[in-house]
Amino acid sequence: MQHLRAIAAHANFLKRVRSCLGEGVACNCYKPHTDCDFGKWWYGEVYPRREQFSPEAQDLIDNIDAEHQNFHEVSKAIAEATQQGEKSEAASLETALLQSSNRLIQEILKLDKHGGFDSKS
């Protein structure tokens with residue numbers, strides 16, 4: 001999966017979570033960060049080659065990894081809140097989810113601009 005397809009997969013996951021919030025229903029779409037489409041690509045193709053990248057790219061990879069995990073922690077909190085009927089709590093977490101999503105995508109684009117997803121970038 002190329003990085004743009006990975007961004008699209010991430011956006012689709014975000015759309016599903018936001019759809020649950022908009023409909024006021026329990027969100028059952030949470031997955032651990034290693035099991036979503038983005039995570040499968042990231043931990044299958046990019047992260048294992050981290051040491052092959054330049055130090056600057058490694059820093060970006062670390063930022064992406066941390067933000068991706070944060071995104072899933074927030075989405076898990078939303079899922080738990082919606083399943084417990086705590087709609088206002090879930091809605092308040094939506095801002096944090098959107099901010100995390102934005103940071104994640106920006107970091108991916110920085111890595112692409114820095115030299116892409118090829119080793120020794």
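These legends describe close-up views of helix contacts in a predicted model.

**View 1. Helix 2 packs against helix 3.** Helix 2 covers residues 37-46, and helix 3 covers residues 55-83. Their axes lie 12 Å apart. The packing angle is about 150°. Angles over 145 degrees count as roughly antiparallel, so helix 2 is roughly antiparallel to helix 3. The crossing of the two helices is left-handed.

**View 2. Residues where helix 2 meets helix 3.** Helix 2 contributes Phe38, Gly39, Trp42 and Tyr43 to this contact. From helix 3 come Ile61, Ile64, Asp65, His68 and Gln69. By class, five residues of the contact are nonpolar, three are polar and one is charged.

**View 3. Helix 1 runs alongside helix 3.** Helix 1 spans residues 3-23. The axes of helix 1 and helix 3 come within 11 Å. They cross at roughly 25°. Angles under 35 degrees count as roughly parallel, and the pair is therefore roughly parallel. The crossing of helix 1 and helix 3 is left-handed.

**View 4. Residues where helix 1 meets helix 3.** On the helix 1 side are His10, Phe13, Leu14, Val17 and Leu21. On the helix 3 side are Phe71, His72, Ser75, Ile78 and Thr82. Six residues of this contact are nonpolar and four are polar. None is charged.

**View 5. Helix 1 crosses helix 2.** The axes of these two helices come within 8 Å. The crossing angle is roughly 145°. Helix 1 brings His3, Ala6 and Ala9 to the contact. Helix 2 brings Asp37, Phe38 and Trp41. Four of the contact residues are nonpolar, one is polar and one is charged. Phe38 of helix 2 takes part here, and Phe38 also belongs to the contact with helix 3.

**View 6. Glycine 44 in helix 2.** Glycine 44 has a relative accessible area of 51%. Exposed means over 50%, so glycine 44 counts as exposed. Histidine 72 is 28 residues away along the chain. The C-alpha atoms of glycine 44 and histidine 72 are separated by 18 Å. His72 belongs to helix 3, where it takes part in the contact with helix 1.

Methods
Residues numbered from 1 in each chain as written. Predicted model: local features only at pLDDT ≥ 70, side-chain atom pairs only at ≥ 80, totals over all residues. Heavy atoms only, no water. Axes fitted to C-alpha atoms, helices over the stretch in contact; angles between N-to-C directions. Helix = DSSP H or I, 4+ residues; strand = E, 2+ residues; numbered from the N terminus. Parallel < 35°, antiparallel > 145°, perpendicular 65-115°, else oblique. Left-handed = near helix turned anticlockwise from the far one by under 90°. Contact = heavy atoms within 4.5 Å. Nonpolar A, V, L, I, M, F, W, Y, C, P; charged D, E, K, R; others polar. Buried < 20%, exposed > 50% of the residue type's maximum accessible area, 1.4 Å probe, protein only.
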